[in-house]
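Here are my notes on the model you sent over.

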Amino acid sequence: MPHGNAIVDGKEVEVLPLEGRESIEIDGKLYEAFNTSGGLGSLGETYGDRVATMNYKTIRYPGHCALMKVFRETGLFNDTPTAIKGQMVSPRDVTASQLLPKWKLNDGDAEFTVMSLDFETNTTLKRYFLLDYNDTNTGLSSMARTTGLTCASAAR
């Protein structure tokens, strides 16, 4: 199972995906945040000696984390093909083929990206949120706007 990384007490550590669950409120709605595989990428190497704590979490609706744990523990995310009625099938491919069409946004559905930045010293805590919705005029998703446009600007 892939692991993510975080910085705890100034040291880079591995964290398990779907662990470290916490409830957060955004725009008056309750969500859950949890560790994600991939974690901080190279940020741990870049900033690990300058920060005490840094983590990367995914935010979803309440109950998502528990459901994904059930899928993981029952093998539904497993890539290794298994024999079913004489056919070799990847459980992950079957899971994706059944879930992805049902999880697709419908026309008019709002899609959004949230980023929370918490800066804490011994005496103060500052929390900043970025909340961006898809742009219905251009068709750009919030993820494209918050990540893709940022990367394109940096590269330019």
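1. Helices (H or I, at least four residues) and strands (E, at least two) are DSSP runs here, numbered from the N terminus. On that basis Met 115 sits in strand E8. Keep in mind that this is a predicted model: local features need pLDDT of at least 70, side-chain atom pairs count only at pLDDT 80 or more, and totals for chains, interfaces and linings use all residues. Residues are numbered from 1 along each chain as its sequence is written, and side-chain values use heavy atoms, with hydrogens and water left out.

2. The overall picture: the protein has four helices and nine strands, and from the N terminus they run β-β-β-β-α-β-α-β-β-α-β-β-α. Its C-alpha atoms fill a box of roughly 60 × 45 × 35 Å along the principal axes. Of the 156 residues, 22% are buried (under 20% relative accessible area; exposed is over 50%, partly exposed in between, with a 1.4 Å probe and protein chains only). Take the contacts (heavy atoms within 4.5 Å) between residues at least 6 apart in sequence: 42% of them join residues at least 24 apart.

3. Back to Met 115. Its relative accessible area is 41%, so this residue counts as partly exposed. Beyond its neighbours within four places in sequence, Met 115 is in contact with Tyr 128, Phe 129 and Leu 130.

4. Which residues lie nearest the centre of the largest pocket? They are Lys 57, Ile 59, Val 114, Met 115 and Ser 116, out of 43 lining residues. Elements giving two or more residues to this lining include E3 (22-26), E4 (29-35), H2 (64-73) and H4, while E8 gives the most, with nine. The lining divides into 24 nonpolar, eleven polar and eight charged residues (Ala, Val, Leu, Ile, Met, Phe, Trp, Tyr, Cys and Pro count as nonpolar, Asp, Glu, Lys and Arg as charged, and the others, Gly among them, as polar). For the record, a pocket is an open set of points on a 1 Å grid over the protein atoms alone, where a 1.4 Å probe fits, with protein on both sides within 12 Å along at least five of seven lines; lining residues have an atom within 4 Å of a point.

5. The second largest pocket holds about 800 Å³ of space (grid points are joined across faces, edges and corners, and the volume is the space filled by probe spheres set on the points). Of its 23 lining residues, Leu 18, Ser 37, Met 68, Phe 77 and Arg 92 are closest to the centre. H3 supplies the largest share of this lining, six residues.

6. Just after H2, Gly 75 takes a positive phi of about 90 degrees.

7. Last, the loop between E9 (125-133) and H4 (142-155), which is where Asp 135 is placed. A polar atom of the Asp 135 side chain lies 3.2 Å from the backbone nitrogen of Thr 138. Leaving out residues up to four places away in sequence, Asp 135 touches Leu 140 and Arg 145.

Notes: Polar contact = N/O pair within 3.5 Å; in protein donor to acceptor, adjacent residues only side chain to side chain.
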